[in-house]
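Dear colleague,

Please find below the structure that I am handing over to you. My notes on one helix and on the aromatic rings follow it.

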Amino acid sequence: MQEIKCPKCKEVFQVDESGYAAIVKQVRDKEFGKEIKERRTQFEMEKENAVKLARAEEKSAFQNETAKLEAEIAELRSRLEAKEKDSRLAIQEAEVKKEKEITDLKAKLKAGEQEKKLAVVEAVAGKDKEIAEKDRQLDRLAGDMEREEKERQLKEQALKDNYEEKLRAKDEQIAYYKDFKARQSTKMVGESLEQHCETEFNRLRATGFQAAYFEKDNDVRTGSKGDYIFRESDENGVEFISIMFEMKNEMERTATKKKNEDFFRELDKDRKEKGCEYAVLVSLLEPDSELYNSGIVDVSYRYPKMYVIRPQFFIPMITILRNAARNSLEYRQELAAARSQNVDISRFESDMNEFKEKFSRNYRLASEKFQKAVREIDETIKHLQKTKDELLSSENNLRLANDKAEGLSIKRLTKNNPTMAAKFEELKN
């Protein structure tokens with residue numbers, strides 16, 4: 001028997017082994033379920049943080065590049081302005097100094113003597129040389145400023161050309177898709193998006209996805225199917241990631257425009273029926289939507305583990321989910337080991353309970369048979385005691401009969417029978 005103390009009323013009561021084991025199993029199952037729930041919440045937070053981090057890093061990289069270019073342009077402009085200012089100050093100082101010297105020379109010429117004319121001329125010539133040297137320095141500074149200005153203009157032009165080239169490439173891609181969709185039927189438009197995604201995946205299959213499964217979903221036994229299924233397992237054959245892909249596109253001339261959310265319910269149904277963990281809608285619908293054009297869109301607030309992406313994010317989406325799943329594989333293995341241990345403990349408990357039940361049954365049967373045998377022995381003892389009593393009673397009767405037989409005599413026989421007494425008397429005579 002086990003003693004259990006109530007934490008509220010402090011009362012101590014006893015339970016048998018089976019009841020104690022049931023209480024322990026209930027507490028352990030509750031704690032194990034709580035731990036699984038916490039691990040699942042942690043995994044969801046890590047996945048969400050990974051997606052946010054990828055978005056933040058991409059946005060930060062673009063902002064850093066833009067800020068770096070703007071800082072370089074601002075630095076070049078500030079250096080140019082500083083040099084222009086220094087040049088202006090040097091020119092002003094030289095002009096002021098020259099004007100002052102000329103004024104001084106004129107005053108000396110007016111007030112000086114005739115013999116100093118030659119010295120004055122020589123001094124003026126020296127000053128002219130100094131001024132010429134200053135002019136040459138100013139010309140060099142102006143040349144440096146002009147070169148730096150040209151370099152700045154070239155960098156600005158290169159940046160402008162680069163962005164214009166990217167815009168032209170994007171416009172050409174948009175025009176290509178528009179022309180491509182205009183030349184295809186509705187069915188061919190959808191199939192072209194599927195072929196595009198399959199081609200992008202096959203380019204990296206041999207290097208980055210050697211052990212992955214990526215094929216069309218052709219199983220229509222449940223009444224519907226997705227477009228592609230991606231699965232990957234570790235070296236032990238344990239599947240750690242599975243994605244159901246649906247590709248949606250439409251022609252520009254289609255009268256009724258579909259929305260992405262029109263396909264969420266069917267995609268979630270296909271994901272559940274095919275046993276996939278994630279659902280991803282690769283869509284060119286709603287081309288003017290800022291939400292869907294911003295990158296990877298998480299719509300798990302509508303349906304669990306569902307995302308909407310543009311075709312250019314097809315491979316990055318697989319990579320992000322795959323890396324997150326690989327990081328959580330260790331936690332899954334720990335959970336699997338814990339589940340296995342719990343199964344072993346449950347099996348041990350069930351075996352022990354089965355042994356206890358069989359032992360209790362055999363003990364009960366043996367006890368019943370033992371009690372029955374004891375009762376039969378008691379009945380036999382009673383019967384033998386009764387027989388003994390009867391035998392003792394008959395022995396007493398025999399003793400009494402013997403005593404009576406031994407006390408029997410002719411005198412007693414003829415005591416009250418005169419006829420027999422006379423006969424015996426005759427025999428005696």
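Buried means under 20% relative accessible area, exposed over 50% and partly exposed in between, with a 1.4 Å probe and protein chains only. Helices (H or I, at least four residues) and strands (E, at least two) are DSSP runs numbered from the N terminus. The model is predicted, so local features need pLDDT of at least 70 and side-chain atom pairs count only at pLDDT 80 or more, while totals for chains, interfaces and linings use all residues. Residues are numbered from 1 along each chain as its sequence is written, and side-chain values use heavy atoms, leaving out hydrogens and water.

In helix H4 (residues 264–273), the buried residues are Phe264, Leu267, Asp268, Asp270 and Arg271. They lie on the same side of H4, because they cover an arc of only 160° around the axis, taken from the directions from the helix axis to the C-beta atoms. The face turned away from this buried side carries the exposed Arg265 and Lys272. After H4 comes Gly275, with a positive phi near 70°.

The whole structure contains eight aromatic pairs (ring centres of Phe, Tyr or Trp, the latter by its six-membered ring, within 6.5 Å; planes under 30 degrees apart are stacked, over 60 edge-to-face, the rest tilted). Phe214 and Phe245 form an edge-to-face pair, because their ring centres are 6.2 Å apart and their planes stand at 75°. This pair joins strand S3 (residues 212–216) to strand S5, across 31 residues. Phe214 is buried at 2% relative accessibility, and Phe245 is buried at 0%.

Yours sincerely
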